[in-house]
Amino acid sequence: MNQEKGNISIHTQNIFPIIKKWLYSDRDIFVRELISNGCDAVNKLKRLSSIGEAKVSDDTKYSVKVKVNKDKKTIEFIDNGIGMTDEEVKKYINQVAFSGAEDFIAKYQDKMDESNQIIGHFGLGFYSAFMVSDSVEINTLSYKEGSEPVKWICSGGTEYEMSASDKTERGTTIVLHLNEESTEFADEYKLREIIKKHCAFLPTEIYLENENAKAKDKDENKEDDKPLNDIHPLWMKSPSECTEEEYKEFYKKVFHDFKDPLFWIHLNVDYPFNLKGILYFPKLDHELNTIEGQIKLFNNQVFVADNIKEVIPEFLMLLKGVIDCADLPLNVSRSFLQNDRNVAKISKHISKKVADKLTELYKKERETYNNFWNDINMFIKYGCMREDDFYDKVKDIIIFKNTNGNYVTLKEYLEANKEKHENKVFYVDDEKQQAQYIRMFKENGLEAIILNSKIDSHFINFLEMKENGVKFNRIDSDISDTLKDKDSDNENKEEIEEETKTLEGLFKNILSNDKVKVNVESLKSEDIPAVILLSEESRRMQQMNSMFQGMDTSNMFQNDETLVLNRKNNLVKAILSKSSDESKKEDIKLIGEHIYDLAMMSHKQLDGEAMAKFISRSNKILTKLI
């Protein structure tokens, strides 16, 4: 062909897509785009060969090769795909308005099936090369018989040169001459990581070759002989074709987590949108691990981004997994996603599939579901609070571990306890700290549920709004009627009233604290001298108080702790009987303070000063026993 010079045709309407597409993108995105184009070219040739429109040897090994030369500051992208004629170069390269992939799809759409989608129907990917290059060369030879090889050179402006090429093998080679700001990309290891990040699952084998290392022993470069990608990722297969071991191996390989996942959900949807993927519920070491979730978004096996909340429901970002959706563009923008109808449908569908899987586990493998609960309840509770539809689907399979070690639903708990405390749910958030209250409950045939994760304080408020009339109370917020000995209180009301008045006054005087409320009750557990109660409303106000960091809110919330004395306890009886004995005044004060501190220690940790006084007082009491 004759040498030709000219200007790339860029019309006004094409300038803005280029700016929007690349101005805020990662600079390494050019690697993905050029490799994707190479895979595109291979896929086109495979399709044409399968329908008899291209002659290709049956033993052809398709690939995309990336060659890097640090000395020359060049990167080459080489494919053995469809190639281009000089007319196609003029049309698809010189005129930015056209997209070769779109033309190809329009021509062969009726002969394609969904397993042969073309990646590069996004138009301007090739021009990402100029983000990092002083000049770009194309050497290409079309598959069409009689075609001549073409060479195209452009130095970053709109001027180009086209001439005959010496290329003898079908396909396209793109050579990037890196600019000074981009020489970092000529590093083999950096380039390898970029390819693994963006192209780990592209459908054509990708190889990386370091030309500077050619002179060295080949044994040192064995990785050049291995593809950097997996051309048949697990999520592209039918779930029926995948084994449990394959799911686990894929999880460990992709997310570098060497603990087996709890379970997974394989998404495989063809209508009304194309969606494939696998979502894993990971095994957690501790609650904070939930912030390390990772959902990778792909488009036809091309990596797009991590954790795009418009596509994946926000609460599922706590999971690990891959989503492959061909209906989204490679270069997703927030504005596009917010306005695309498919995005909301995809997000809802994913949420529904998760709810369906959880329900299936609950109904068919209840014991397994119970065993998973500690790891998955964070996802479920967060999802319920974020999406009403999700809550409606899973509300009947939300379970709680109770103080008897059993797992129950809210409905089951309320039904079992309706005669003792209707519509009231008692809960524990620290089993060790509240051990005495738990023992009291168990001795009296009562049970509480365990809510000890950080999300539970929010989830309680949420459930009270959703479940009409249900009220949550911590186990130390109230003395349930079933803990009281009502028969004892009815024996001699006048005597009881007098004892109550005496004990209340005595302990207010002993504690020298007007803010402490003192009540006297007859409890069935006679060995417990006293307990501290804090109303649920006051506790929640204090939790709100803790959120006002840096503000002095000490006077905003009243201390509402109550000391409940057990008149049936022998120690309390002894104090009452000796209350008028002046010689026992010091001992009564000592024992009274100790009873208060012991009750407080079952309620919450003592502060430093209170603990020091408790230890000193304990030593005095022990000394008196000798």
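Begin by selecting helix α15 (residues 493–511) together with helix α17 (residues 570–577), whose axes come within 10 Å and cross at roughly 85°; the axes are lines fitted to C-alpha atoms, for helices over the stretch in contact, with angles running from 0 to 180 degrees between N-to-C directions. The two helices, α15 and α17, are therefore roughly perpendicular to each other, a term that covers angles of 65 to 115 degrees. Show side chains next: Glu499, Thr502, Leu503, Leu506 and Phe507 in α15 meet Val572, Ile575 and Leu576 in α17, where contact means heavy atoms within 4.5 Å.

This is a predicted model, in which local features need pLDDT of at least 70 and side-chain atom pairs count only at pLDDT 80 or more, while totals for chains, interfaces and linings use all residues. Residues are numbered from 1 along each chain as its sequence is written, and side-chain values use heavy atoms, with hydrogens and water left out.

Move on to Asn300, in the loop between β11 (294–299) and β12 (302–306), where phi is near 50°, a positive value in a residue other than glycine. Asn300 is buried, with a relative accessible area of 13%; buried means under 20%, exposed over 50% and partly exposed in between, using a 1.4 Å probe and protein chains only.

Then select Asn423, in the loop between α11 (410–417) and β16 (424–428), which has a positive phi of about 60° although it is not a glycine. Asn423 is partly exposed, its relative accessible area being 33%.

Finish at helix α18 (residues 585–603), whose buried residues include Ile588, His594, Tyr596 and Met600.

Definitions and conventions
Helix = DSSP H or I, 4+ residues; strand = E, 2+ residues; numbered from the N terminus. Parallel < 35°, antiparallel > 145°, perpendicular 65-115°, else oblique.
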